[in-house]
Amino acid sequence: MEDVKGMLTGQELMQRIQKNVGVPWQSQRPDGFADGVNIGNPETVVTGIVTSYAATVEVLRRAVASGRNTILCRETPFYSRGERAPTAYRNAPAPPKELTDKDSVCRFKQDLISENNLLIIRFVDNWDARNTNGQLRGLVRALGWDQLSHNRNDDYSTSAAVFQVPVTSLGNLARSISENLKIRSARVIGDPQSSVSVVAVTHGVILVSDAERMLRERPDVVVAGDAVEWEAVPYFQDLVTAGRAKGLVLVGNEASEDPGMLEMARWLKTFVTEVPIEWISAGEPFWTLRNV
Amino acid sequence: MNTNTMSRRKFCQLAASGIVLAPSFGRAYQQPNAGPITAREVVQRIRQHVGVTWRTPTADEFKVGDPDASITGITTTFMSNFEVLQRSVAAGNNFIITHEPTFWSATDIISDLKDDPLYQQKLKYIAENKLVVWRFHDHWHAHRPDGIFAGWNRVMGWDQYAVAGTTPFSHEYVIPETRLEDLAKEMHAKLNLRSLRLVGNPDLKVSRLGNGGHYIPQCMNLLPRVDAIMVFECREWEAAEYVRDAIAAGQKKALIQMPHEGGEEMGMDECARWLRTFVSEVPVKFIASGDPFWLAA
C-alpha cells in the first residue's frame, strides 16, 4: 500500500460509522444478521466503498471492475432476512446451511466474494435509527418531491412523509412516479381515474399498522415499496371500497430502498475521505408483459 | 344474549373472538334451523367430506357472524375483501367461505384493530347484512389432491403435465417447450392476471416449471430441476434476487412472480364445484377477488 497514512480497514470503517451515526449503536441481533461485516475479513484494507440496496452478482462485479472491495448493503447477499422480525415482514426462515452450501447460486456468489477479497457489510437497523431517515429522504429526492411543500416530517424524523402534489389522477400519479424512479413494474390499487393530491410516502414493506398511522394524515394515496398480499394489500382494497382512500402505489422494495443507499453514500463521504465512495443501484429486478 | 343492548365494543370483542357470533341486530328471534341449512351444518359436511383429520389449531374457523343462522347462499372466494362481501350480498349469498383472512392478518387478529374505522365499517356491514364468514385454508390445502392446486391445474390445463410424486407446494410440471414471454401471456389470460412480474430472458425456452411456494428455501430446492420457478407471492429479497443472481451466474433460469390470487384463487372455484356435490340446499357461487393490482407503466 503506497499511502499507509490513508489506510482504512473494514473494522475501522465500522468504528467510524458507529462514531458518526448519531444514535446509540444497537447490539448484535440473535439471528446473526446484525449491522456490521456480514462476509469477509474485517481487517481487510478498504480500497473503495460501494453502497447498494443489495449485493447482487452484478453489483459485486461492477464493484470489482471499479476497484472497490467494500459493499455496504441493505439486504443480505444470500436472499434471506433470517428470523428478522418474521412476524412483521412475513419472510421465510433462513434456508438451512446445508441447503445454501450446496446451492449453485450461493456457491457462485461466495466464490466471487472470496476470490476478490470482498467485504460485505450490512448497514440497516442503525442507519434507519438515525434522527434523519436517510431511506425516506433518498426516496423523496428520487421522486423529485423534495422541493414540494409537505405538511409533516420535513426533517425526515419518521419513516413516512406527506405531500401535497398538484391535483392529478391516480393513473397519472403512478406513471409519473414510475418515470421518476425509472421503474417498469409499479403495481397500483385503486381507480386510475380517481383524483388525488395528498400523497403519503414510505419506504420498504408497508404493514397494516404503518398504514393506520399514515392514514391519520388523511392521504388520498399511499406510496410504498411492497406489501403482504393477505395484509396491507386487501387492507388498501378495502379502504378504496369503503371510500376512505383512493389507492396504493407499490413501487417495489428495491425501488423504494435503493435511493436511500445513494443518501448513505453522500453521508459516508462527510467522514470517509481516504477512499472513493459510489452508489451502485441494484436496479429493478422485474419486467412485465407491458414493457418486454 | 340480547345483542340489541350489547355494547358495540363488547360485540366486536365477542364477534372477533369467535365465541358469540350474533349479527342478529334488530331482528326478531328466529329458530336457528328455520331455513334449509346453517353455516355450521355446511362446515360439518365439509369436515365429513374433506378426507383428512381436522387439525388444531387451525385457521379454518368462523371469523364473524352467527354460524347457527340459516343461510341464503354460499360464496367461495380467495379473499373476503369488502368488495367480495358486497358482491355476495348482491348475489343473495350471506355465507362466505374464504381462503384468506377477512381482517388483514393470517389469523384475523383484531385486538389491534378495535379503533380502526375501516375495521368498524366492515364489521358493521357484515352485521347489517347478516353475513357469516368462515375460513377454509389449511384443510383445503390438506385435501388430496390439494384443492387449491387442483383448481389451478384445471384452469391451466396442466394436470397432464404434472410430475408425479411432487408435493403441493413444490409441484413440478413438464410442459411443451415455449418462450418465457409466450408462457407468461398464456398465464395472464388463463389466470385472469394484470400484474405478472418476470425475471429472465423473454426468449428463454421453458419446459420444466415448478411451484416455489412463497419462500426462498423452496425456491433453492427447486431451481436445479426447473427452467422457471413460479411463485405466488414471495418477498422481493428472496426469489427475485435469487433468480436474477442465478442468471448473472450464467444459468438459464427465470422467475414468474404472480399475485397470490394468480396461484390460488382458482382453487376456490374448485371448492365451489366440490361443495355442490354435497350441499344442494342453497346456491354456491365462486366470486373472484381477482388480481388486486394494475401496472402503472
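Predicted model: local features only at pLDDT ≥ 70, side-chain atom pairs only at ≥ 80, totals over all residues.
**View 1. Helix α10(A), an enclosed helix**
Nine of the ten residues of α10(A) are buried, so this helix is largely enclosed by the rest of the structure. "Buried" means that 20 or more other C-beta atoms lie within 10 Å of a residue's own, "exposed" means 12 or fewer, and "partly exposed" is in between, with C-beta atoms placed from the backbone. Residues are numbered from 1 along each chain as its sequence is written, and chains are lettered from A and ligands numbered from 1 in the order in which they are written. Helices (H or I, at least four residues) and strands (E, at least two) are DSSP runs, numbered from the N terminus. The buried residues of α10(A) are A:A232, A:V233, A:P234, A:Y235, A:F236, A:Q237, A:D238, A:L239 and A:V240. After α10(A) comes A:G243, which has a positive phi, near 75°.

**View 2. Where chain A touches chain B**
Here 59 residues of chain A are in contact with 52 residues of chain B; two residues are in contact if their C-beta atoms, placed from the backbone, lie within 7 Å. On chain A's side, α2 (57-65), α5 (104-115), α8 (170-181), β7 (187-189), α9 (208-215), α10 (232-241) and α11 each supply at least two residues. Which element gives the largest share of that side? That's α10(A), with seven residues. Sorted by type, the side of chain A that touches chain B has 29 nonpolar, 13 polar and 17 charged residues. For this sorting, Ala, Val, Leu, Ile, Met, Phe, Trp, Tyr, Cys and Pro count as nonpolar, Asp, Glu, Lys and Arg as charged, and the others, Gly among them, as polar.

**View 3. A strand pair that links the two chains**
Strand β7(A) is joined to β11 (residues 294-295) of chain B by two bridges, and the two run antiparallel. Strands pair if DSSP finds at least two bridges between them. Look for A:R187, which stands opposite B:L295 in β11(B).

**View 4. Two helices crossing in chain A**
Two packed helices are described by the angle between their axes and the distance between the axes. For α7 (residues 134-143) and α11 (residues 253-269) of chain A, the angle is about 110° and the axes are 7 Å apart. That makes α7(A) roughly perpendicular to α11(A). Axes are lines fitted to C-alpha atoms, for helices over the stretch in contact, and angles run from 0 to 180 degrees between N-to-C directions. Angles under 35 degrees count as roughly parallel, over 145 as roughly antiparallel, 65 to 115 as roughly perpendicular and the rest as oblique. The meeting residues include A:G134, A:L139 and A:A142 from α7(A), and A:P259, A:L262 and A:W267 from α11(A). The contact of α7(A) with α11(A) has six nonpolar, five polar and four charged residues.

**View 5. A:D146 in its loop**
You'll find A:D146 in the loop between α7 and β5 (150-152) of chain A. Is A:D146 buried or partly exposed? A:D146 is partly exposed, with 16 other C-beta atoms within 10 Å. Apart from neighbours within four places in sequence, A:D146 is in contact with A:V140 and A:R141.

**View 6. The sheet β5-β7-β8-β9-β6 in chain B**
These five strands form an open sheet with mixed pairing. At the edges are β5 (172-179) and β6 (197-199), each pairing on one side only. From one strand to the next, the twist averages 25°. Three bridges join β6(B) to β9 (residues 254-258) of chain B, and the two run antiparallel. B:V199 stands opposite B:L255 in β9(B). Helix α9 (residues 239-248) of chain B packs on the sheet and touches β6, β8 and β9, and its direction makes about 160° with that of β9(B).

**View 7. The sheet β1-β4-β3-β2-β10 in chain B**
Here, too, five strands make an open sheet with mixed pairing. Each of the edge strands, β1 (62-64) and β10 (284-286), has a single partner strand, so one side of each is left without a neighbour in the sheet. Four bridges join β2 (residues 74-77) to β3 (residues 95-98) of chain B, which run parallel. The bridge partner of B:T75 in β3(B) is B:I96.
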